[in-house]
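This briefing concerns the strand arrangement, turns and nonpolar packing of the structure shown below. Please read it alongside the sequence.

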Amino acid sequence: MSRVNVKRVILSPRFKQIYTVTRTEGHFEKGKFVLDAPSKFNISGVITVASAKEVNMILEGDRINGAMVFYSLVPLHTTTNNPNAISDIIEWRNNKYKIMQVNPWVDYGYYQAIAVRMEGY
């Protein structure tokens, strides 16, 4: 049985695109959670429109703004998978997307993040 090497596709110059990730982490100081200054970095990966199945994975209230799927070799964060941070924000094509869910396909060498557009249409 042949398998698609997703990692190879993500690195392919024919499919990959560059996008910017803004990550905000924090720490506890005297019993209070304090946010650190956000950091920005670029990632290359494959970006697709979210399918109906992927849209159904995110909360009802966040579906109205449009959803995209970002594939990368770098872990992306949501608030739930990193309690000391808020969800990563992706900037791509003059839009900002908040990551709602990350599917860590680490056995296959990549991550799939479902994100919703933060601005309106």
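In the hairpin of β5 and β6, two residues lie between the strands, and Arg 93 takes a positive phi near 55°. Strands here are DSSP runs (E, at least two residues) numbered from the N terminus, and two strands pair if DSSP finds at least two bridges between them. This is a predicted model, in which local features need pLDDT of at least 70 and side-chain atom pairs count only at pLDDT 80 or more, whereas totals for chains, interfaces and linings use all residues. Residues are numbered from 1 along each chain as its sequence is written, and side-chain values use heavy atoms, with hydrogens and water left out.

**Strand β5 and its partners**
- Strand β5 spans residues 85-92, and six of its eight residues are buried (under 20% relative accessible area, with exposed over 50% and partly exposed in between; 1.4 Å probe, protein chains only).
- Four bridges join β5 to the antiparallel strand β6, residues 95-105, and Trp 92 has Asn 95 as its bridge partner in β6.
- Strand β1, residues 17-29, pairs with β5 in the antiparallel sense through five bridges; Glu 25 stands opposite Ala 85 of β5.

**Surface patch**
- Ile 86, a residue of β5, counts as partly exposed because its relative accessibility is 38%.
- Together with Phe 28, Phe 33 and Leu 35, Ile 86 makes a nonpolar surface patch of about 380 Å² (residues with over 30% relative accessible area and no salt bridge; nonpolar side chains, namely Val, Leu, Ile, Met, Phe, Trp and Tyr, are joined within 5 Å).
- A salt bridge places a side-chain nitrogen of Lys or Arg within 4 Å of a carboxyl oxygen of Asp or Glu, and accessible areas come from the Shrake-Rupley method with a 1.4 Å probe.

**Strand β7**
- All eight of the eight residues of β7 are buried, so β7 is largely enclosed by the rest of the structure.
- β7 pairs in the antiparallel sense with β4 over six bridges and with β6 over eight bridges.
- Ser 72 stands opposite Tyr 111, and Val 102 stands opposite Ala 113.
- The hairpin of β6 and β7 has four residues between the strands, and Gly 109 in the turn has a positive phi of about 85°.

Technical notes. Patches are made of residues with over 30% relative accessible area and no salt bridge: like charges are joined within 9 Å, nonpolar side chains (Val, Leu, Ile, Met, Phe, Trp, Tyr) within 5 Å.
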